[in-house]
Amino acid sequence: MRKLKKVLLILLGIVALVLVAALIFLNTLTPTYEGEKELRSLSDEVEVYFDPYGIPHIYSANETDAIRTLGYVHAQDRLWQMELLRRAGAGRLSEVFGEIALETDKFFLSLGIDDHNEKAVSRATASNPEIVLTQAYLDGINQFIAEGPTPVEFYLTGLEKQPFELKDVFNAVAYMGFTFNKGARDIVNTNLLHRLDSTYTKELFTERPSKEITIPTNNRVGYDETLDLEKKISQIMEELPVPVFYGSNSWVLAPAKTKSGQVLLENDPHIAQAQPSVWYEAHLVTPEYEKYGYYLAGVPFPLLSHDRKMAHGFTMLANDDTNFYYEETHPTDTTLYRYGTEWRKFEYVKKDIGVKGGTTVDFQFRKTHRGPIVNANYAKRTRVEGERLVSMHWLFTQFDNTLLQGLFEINHADNIEEFKKALPKIHAPGLNVMYGDAEGNIGWWGTAKLYQMPEGIGTKTILDGASGKEDPIAYLDFENNPHCVNPSWNYVYSANNQPDSIAGHYVPGYFANSTYRAGRIVDLLEKKKDGWTKEDMTTMANDVYLRTATKQLNGWLDNLDQGSLSENQQEFVALLRDWDGEYHLNSVGGVFFESMEAKLHQHIFADEFSSPEEYRSYGVPLKMNKVFDNPASVWWDNVTTPDVKESKTEIIRQAFNATWQDLTEQFGNDFLTWTWDKVHFLEHDHPIGRVASLRSFFNVGPFPSPGTGGTLNNQEFSRQDNGRYKVRSIPSTRRIIDFSDIENSISILPTGQSGNPLSKHYRDQAEMYVKGEYRKMMMNPSEIRNTSENLLIFIPKN
C-alpha cells in the first residue's frame, strides 16, 4: 500500500510539473505589451501605448518608423490571421488544412490573383512612398516572425512560419476584393430561366430600379449543367477559414443636420462573423502625420480611418463586376474556342499545389482571353455530354492592381479634392466610399470600373461568348460614376442599395433590397430633420426594427379565416397584430415572422422543383415580394395536387398551420415563451474552433443576439437543423466619428483587438458588442498616456 501511495504521489508530482511547464510555455506565447525591444532599421525610439482594450497608440519621429513598428505589433496579435489571408487568395490553404482545402485552392488559383499580383509587384517602383512604407511594415512583421513567440495555431497545424513579402500584401487585398463579388448569381438566374417557362419566371425577373429606394446622386449626366458550378463557388466562399464580406451601412450628416454644427459619420461594414475580428485598430502619431485606422491583417494602410481633418468609411457597392460566358470549342480541336469569326487557342496554365503532409498535386486549367474556365478545372478531364464550358470575366484581373496606391493616397489626402483624386485607383472591388471632414464637407462616391454593354444585353445571366457580341463595348470614366457631394438634403448614405441613375442609366448589380436597411435609414434621417447627436447615431446603428415586417405580417394574417383558428391561435394572432416589428431578445413576433416567412416561401415555390435540394439551390432569385401582391400568380397553385387549384388564401393557411406546429413542437404550447433569444445566437468561429474539443478555447460565444437580417443592426443568419438561427454576418465594427469632439469618437469590435487566444484582449469587447455598447477611440495624448495599461518602447537595433 505504501508503495502504491508513493507511486501515486510521484505520478501526481509529474502531472503537476507538466501542468506548470505547460502554463509557463503558454505564457511565453502571449503578446508583449510592455517593456523594451530592439527593432531593426529604426531611426529613433518609438513609444507604443496600449490602451485598456489593447489598441496601440504609436508615437514616432517619422511615419516610416511608425509603420515598421505597426508591422511588429500587428503581427504579435494577428500573425495567424495574416497567414490565412495571404494564403487564401494565392491558393495555398491546402498546405495548412490538407486536402479539405484543395478545391478552394484550385478555384482561387484559376482566378489568377497570384499571377496578376506577380505582375503588379514587378511593375512596382521601390522608391514610391507606398512601397517604401509597405516594405517597412513587412520588415516589422518579419522581425516578429524571426524573434517573437510562435502563435499556438502554428503548433496545432504543424505550420512553419515564413517571411512575408510584397506580393502577400497585394494578395490579401485582392482576396478582399473577390469576397465582395456576387456575380455567381448569374449562373443561378440562367438555370432558373431554363428550368421553368416564362409563365413562372416573368414575375421574378422583371426589374424596375426606378421603383427602388435609390441612393440619391447629384451628378446626373445550360441550364442544370452549370448549377453545380454555382453550388461549388458558394460552398467555397462559405467554408473559407477567413471571413467573407457581405454588405454594410453608412450615413454621413452635414453640419446643418447636427446639433453641434459639425459633421457626424457612421460606418458599420457587414462581414461574416469570425474570430479573430476582421479589423485591427491602431493609432499612429508623428510630427507630420496622424491617423486612427482599421487595418486588414497584412495590409499597411487602413481601409477605414479618421484623423482631426477628415474621415472615411466603406460599404459594398454591389455592382456586377463579374460576367460569365458560354464558350464554344472547336468540333475537332478542343484546344480552340470560337470568338466571333475566328478560332483562338486556350491558354493552358499549370500549377503545383502543396498539400499538408508533403504531397504535391498537379493542377492544370484553361483560360480564354476573358478569364479562366470555371466549370472544368482540369484541362484533360472527361467532358460530360452536352456540357458547355463557362469562362469568368472578373474586372479585377483585367486592369492594373493600383488598390494599394489608392489606399495610401486616401489616407494621406489633405482635403476633399486630394481624397477624390485617389478614388479611381480603386477599380475593384466596387465600393461606396463615405466621406466627411472638419470643414463641413460630406460626400459619397461609387468607386468601380463601370462599363457599358451592347443595347439590350443584360449582365445577370450567363452570356454568349462565342459570338463576341455580348462583351462590354466601353469602360466609363470615373466622372461618370454615381456620386453625391454636399447635397441640399444634408446627408449621404449607403446600405448596398441601387444608386440612382446617371444620364438615364442604372449601375447593374446585385443590390440589397431597399425596403429594409436603406428604407429605414431614409425614414429615420427624414423624420429628424436636424439636431442629431452622437448618441442619436449610436441608437440608430443598433436599431432592430425590420421595416415593413408588420405590414407583411398583417398581410398574411388578413388572409386567415379566423373561424378556423383555435382559441389559442386567435389569442396569438391578436398578439402578433400588436407586434412593433422590433427584434429585441424578448420578441415573440420576430420568431413567428421569420418562421412563417420561410414556410410561406417554401409553400409558394418548392412544389415547382423536383427535390428540396433543387428548390434550395434556386433560393436567391425566388423573390416572394414579387409574387405576394398578385393573387392570380401561377406560383400559388401547388403543382403536386393536379386535381386542386390552390389559392393565395389556402397557401397562407397551410403555411400558418405548418409554422404553428413547428413552433409548438420546438417550444411548447405557451406562445409567450417563443422569444428571439431562444433561437437567434451569435458565435464567433475560429477556424480551429471547428474541432469540437477546441471550440471553447478558440471560439467566442455563443450569445443571444438582437436584430436580424435586414435590420440596421444587421444580424443575418442561417437556419440550423435544430430550428435555431446561427448568425453568419454582422457589423464588423460600429464607428461614429464626431468632428465636434474628435477625441471622443467611438467604436466597438465584435470580440477583441487580439487574435491570440492567450491575450486578455482576445474577447474583452464581446459582451459590450452584443449589448450595443461603445468605447472611445482615444486621440488625446495626455489621456492616452494616463489611461494606458502598458507601454512598449522600441529602440533602434544595430
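I began with helix 8 (residues 166–179): at 1.5 Å a residue its 14 residues should span 20 Å, and the end C-alpha atoms lie 21 Å apart, so the two agree. The expected span here is 1.5 Å times one less than the number of residues. Helices (H or I, at least four residues) and strands (E, at least two) are DSSP runs, numbered from the N terminus.

I noted that this is a predicted model, where local features need pLDDT of at least 70, side-chain atom pairs count only at pLDDT 80 or more, and totals for chains, interfaces and linings use all residues. Numbering starts from 1 along each chain as its sequence is written, and side-chain values use heavy atoms, with hydrogens and water left out.

**Cover.** I looked up burial for helix 8 and found 14 of its 14 residues buried. Buried means under 20% relative accessible area, exposed over 50%, partly exposed in between (1.4 Å probe, protein chains only). For the chain, I got 59% of the 798 residues as buried.

**Whole chain.** I have 23 helices and 30 strands on my list.

I traced eleven strands in an open, mixed sheet, in the order 1-30-2-3-6-7-8-9-16-17-21. Strand 1 (35–40) and strand 21 (483–485) are at the edges with a single partner strand each, so one side of each has no neighbour in the sheet. Two strands pair if DSSP finds at least two bridges between them. I then picked out strand 2 (residues 46–50) and strand 30 (residues 790–797), which run antiparallel and are joined by five bridges. Glu 47 has Ile 793 in strand 30 as its bridge partner.

**Aromatic pairs.** I found 38 aromatic pairs in the structure. Rings of Phe, Tyr and Trp (its six-membered ring) pair if their centres lie within 6.5 Å; planes under 30 degrees apart count as stacked, over 60 as edge-to-face and the rest as tilted.

Phe 301 sits in the loop between strand 7 (290–295) and strand 8 (304–306) and Phe 408 in helix 12 (residues 403–410), so the pair ties together parts 107 residues apart in sequence. Phe 301 and Phe 408 are buried.
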